[in-house]
Amino acid sequence: MEASCQTERRVPCNAVVQYEPQTLSDSETGALMGGEEMAAFLQEVYPRLEISLQQNLIMDLFVDDCRALSDEDWMTGSNSGTHLKEYQSFTDLKFSKDKVINWIEWHPVIKGVIAVACGEGYSADERIDLSTRLTTSRALILIWSFTDPIHPQLFLEAPEDILCFKFNPSDPNIVAGGCINGQVVLWDIREYADRLQINKTSDQTEERSRADNMDIFITDVKLDHSPIVPPLVLSYLEHSHSLSVSHLHWIPDHNEICVKSTHVLENVSQFSHQLVTCGIDGYVMMWDTRPQQSGKKPTSPHKTTTPPSLTDLDLTWKPFYKVCIVP
């Protein structure tokens, strides 16, 4: 008779560690506590300890300020201004109604301009059931100005819902965004930069800005129909994230990553050309907005004022380096 069995291989490992503390004898402890070094130490820290004890008597350091916020006002029914007040609201009945806000960014240069990425608040199963409807609907980033809280100044169109986006720190006219399908998108809003400018004239505006930083926005400016900016560059879908892009960051203008060796080098051009994305698929990807042949370290020491051409990257753009952080 022939018989066999599957044995389980057991690897020994440490399950318990025993230890005992290092202690001093009574004579060593007495010599240490009564020595000159201990006396000098106590004399040095005593004033600071006394001040800390006095502060504890004056104010409770462990009180939860958020939980104790406006308890007395609630009891008396008064409104002493402790509640946060809504300063401004932006609503577009066509493109932002019944949608969730995925990401918000202030314009880094122009004051009073804010960009909001709106998306559908559906689960994964609901997106599969409504796939036909979602493919025909527009995914947009709405750029608002405090000059007109009713009409967006600009729309940035995307193939899918945008979960994160960032303005280029070197050139705010270049915007990069990450889609829910894993693609990375680039827009160029240079042509519409004048629409976002806020005219601040007269001495009255300067006086209002001294009184309140938020009062610098003039609300009597109204613009015509807001244009829709199509994406300038879409990443190659097969080389993008397989799942949603959760975060995106531009690499600072003083650093760049070498395309060939992935070493961090000094960026002598002082222009942000590279960005990093991470997705829920467990990958971190690094992208370069320059053509592949110009992804080397620049040789010109002069500062670049305009970005290189981006149109050649459309639908061929792929990361030059990717790291799997979740095996």
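The legends below describe close-up views of a predicted model. Residues are numbered from 1 along each chain as its sequence is written, and side-chain values use heavy atoms, with hydrogens and water left out. Because the model is predicted, local features need pLDDT of at least 70 and side-chain atom pairs count only at pLDDT 80 or more, while totals for chains, interfaces and linings use all residues.

**View A. An open sheet is formed by four strands in the order S5-S6-S7-S9, with antiparallel pairing.** Strands here are DSSP runs of E with at least two residues, and helices are runs of H or I with at least four, both numbered from the N terminus; two strands pair if DSSP finds at least two bridges between them. Strand S5 (162-167) and strand S9 (233-234) stand at the edges, and each has a single partner strand, so one side of each is left without a neighbour in the sheet. Five bridges join S5 to strand S6 (residues 174-179) in the antiparallel sense, and Ile162 stands opposite Cys179 in S6.

**View B. Trp106 and Phe146 form a stacked aromatic pair, 6.1 Å centre to centre and with 5° between the planes.** Rings of Phe, Tyr and Trp (its six-membered ring) pair if their centres lie within 6.5 Å, and planes under 30 degrees apart count as stacked, over 60 as edge-to-face and the rest as tilted. The pair links distant parts of the chain, 40 residues apart, with Trp106 in strand S1 (residues 100-106) and Phe146 in the loop between strand S3 (139-145) and strand S4 (154-158). Trp106 counts as partly exposed at 48% relative accessibility, whereas Phe146 is buried at 4% (buried means under 20% relative accessible area, exposed over 50%, partly exposed in between, with a 1.4 Å probe and protein chains only). One aromatic cluster is formed by Tyr87, Phe90, Trp106, Trp144 and Phe146.

**View C. The charged end of Lys322 sits over the ring of Tyr283, 5.8 Å from its centre.** A charge is counted in this way if NZ of Lys or CZ of Arg is within 6 Å of the ring centre and within 35 degrees of the ring normal.

**View D. Leu61 lies in the loop between helix H2 (36-58) and helix H3 (71-76).** At 52% relative accessibility, Leu61 counts as exposed.
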